[in-house]
Amino acid sequence: MSSSRSADVHRSEPALSPAATRVLRQLVLHGDATRTGLAHDTGLTAGAITRAVRPLLEAGLLDETGERVPAEGALGRPATTVTLRALAHQVVGVKLTADRLFGVVADLRCGVLDESSVPVDDPRPEAVVERVAELVAGLRAGRPEVGGVGLATAGDVDAGHVAYSPFLGWRDVPLRDQVAARTGLPTTVENDVRALLTGERWYGVGRGLSSLALVTVGAGVGSALLVEGHVVRGHSGVAGEVGHVLVDPDGPPCHCGNRGCVEAIAGSRAILDRAAAAGLPATTLDEVARLARAGQPEAERVLAEAGRAVGTGIATVANLLGPEHVLITGEAVGTDYDVMEPHVREAFERHAFGSAARTALELRPLRFVDWARGAAACAVEDFVTRYGRS
Ligand SMILES: [Zn+2]
């Protein structure tokens with residue numbers, strides 16, 4: 001879809017009142033609604049809803065649909081449904097990894113319209129920015145509705161700066177400004193786990209929850225936390241380092257310089273190192289899991305210890321913050337987690353205090369496109385916020 005009307009949306013981006021921003025946010029997050037429903041959900045008066053909806057209709061972001069029929073019990077007052085034109089504003093979300101960039105185009109409901117990836121052969125920031133620009137250009141070709149970019153990368157990210165990203169070897173890279181300058185599009189940059197949390201909060205399991213912990217297990221173990229409706233960033237953007245929670249003072253050394261961190265036992269590299277030290281003929285997590293399923297006791301032990309480390313680390317998070325729901329995900333979940341899951345749950349239940357033990361634990365595999373979709377969710381959030389400020 002590429003009507004000139006929707007193409008105008010991001011060209012004009014008129015200033016919106018706080019009420020209109022609230023209505024837009026409500027529709028993006030919760031879907032279509034009647035004007036009466038919008039008034040109820042936003043706490044605005046009927047008159048304020050009328051004033052808020054008008055500029056959004058004019059900007060092509062909303063439609064009104066349905067018969068103007070009396071709402072039930074409303075004594076003849078008309079009730080039209082206000083519909084978000086989700087395709088009217090689209091964004092590109094990109095996940096950066098050390099060897100590849102994964103990108104998606106998504107609409108305002110974070111529905112994925114297209115996806116693509118390009119290799120990274122040179123990790124220097126200027127080379128990666130060029131690759132991002134190339135990926136964005138490919139994904140936005142023929143899509144004039146694309147009006148923003150979201151980037152997600154591992155490491156310390158704060159206010160558009162990548163303060164430190166160990167896997168790319170970056171320090172203090174003003175990535176947001178560089179990509180915005182190169183693409184000409186408003187750009188936002190977020191830590192990748194917090195980007196995933198943003199996607200889950202807006203469009204996934206986090207909808208309607210005020211507190212949620214998301215834990216990713218892969219080469220590293222990370223987490224992002226929603227507490228009482230706020231994404232916890234910590235000082236300088238450093239928060240949620242569940243990978244370096246101590247679970248065994250006598251445990252193996254961790255790359256952070258300490259011993260017995262969750263990541264030193266349950267990171268995928270750690271699992272493979274521990275499998276090799278036990279003399280197992282396995283070079284992938286899949287192979288370790290296969291040996292464990294076949295009853296090989298050392299493979300079972302390595303994965304049980306990894307599962308217990310994850311469960312104990314998450315119990316520490318739950319005891320401190322009391323989330324309603326914990327989502328454990330990552331590339332490793334799904335290959336070896338049928339073996340690890342009982343140990344994760346058992347350790348969590350043993351170490352979680354009081355009612356924290358009743359926190360819902362969900363384990364779900366993660367594809368690379370999900371990371372890029374999280375980056376797109378950040379770009380949608382940025383659009384809704386920016387639109388209200390402009
Ligand atoms: Zn550590």
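Trainee: Which residues of helix α9 are buried?

Mentor: This is a predicted model, where local features need pLDDT of at least 70, side-chain atom pairs count only at pLDDT 80 or more, and totals for chains, interfaces and linings use all residues. Residues are numbered from 1 along each chain as its sequence is written, and side-chain values use heavy atoms, with hydrogens and water left out. Buried means under 20% relative accessible area, exposed over 50%, and partly exposed in between, with a 1.4 Å probe and protein chains only. In α9, which spans residues 268-277, the buried ones are S268, A270, I271, L272, R274 and A275.

Trainee: Against which helices do the buried residues of α9 pack?

Mentor: Helices (H or I, at least four residues) and strands (E, at least two) are DSSP runs, numbered from the N terminus. Contact means heavy atoms within 4.5 Å. The partners of the buried α9 residues are α8 (262-266), α10 (285-293), α11 (297-321) and α12 (337-351).

Trainee: Which residue with a positive phi follows α9?

Mentor: Its phi is near 80 degrees. The residue is G279.

Trainee: How many salt bridges does the count come to?

Mentor: A salt bridge is a side-chain nitrogen of Lys or Arg within 4 Å of a carboxyl oxygen of Asp or Glu. By this rule the count is 23.

Trainee: Which residues are linked with R274 in a network of salt bridges?

Mentor: R274 is one of the buried residues of α9. Its network of salt bridges also holds E298, R301 and E305.

Trainee: How far apart in sequence are the parts tied together by R109 and D32?

Mentor: R109 and D32 form a salt bridge, with the closest N and O atoms 3.0 Å apart. R109 lies in the loop between β5 (100-106) and β6 (112-119), and D32 in the loop between α2 (18-30) and β1 (33-34), so the parts tied together are apart in sequence by 77 residues.

Trainee: Where in the chain are R35 and E64?

Mentor: These two form a salt bridge, the closest N and O atoms being 2.8 Å apart. The pair links distant parts of the chain, 29 residues apart: R35 is in helix α3 (residues 35-42) and E64 in strand β2 (residues 62-70).

Trainee: Is E190 buried or exposed?

Mentor: E190 forms a salt bridge with R233, the closest N and O atoms being 2.8 Å apart. E190 sits in strand β11 (residues 187-191), and R233 in the loop between β14 (230-231) and α8. R233 is partly exposed at 33% relative accessibility. E190 has a relative accessible area of 8%, so E190 is buried.
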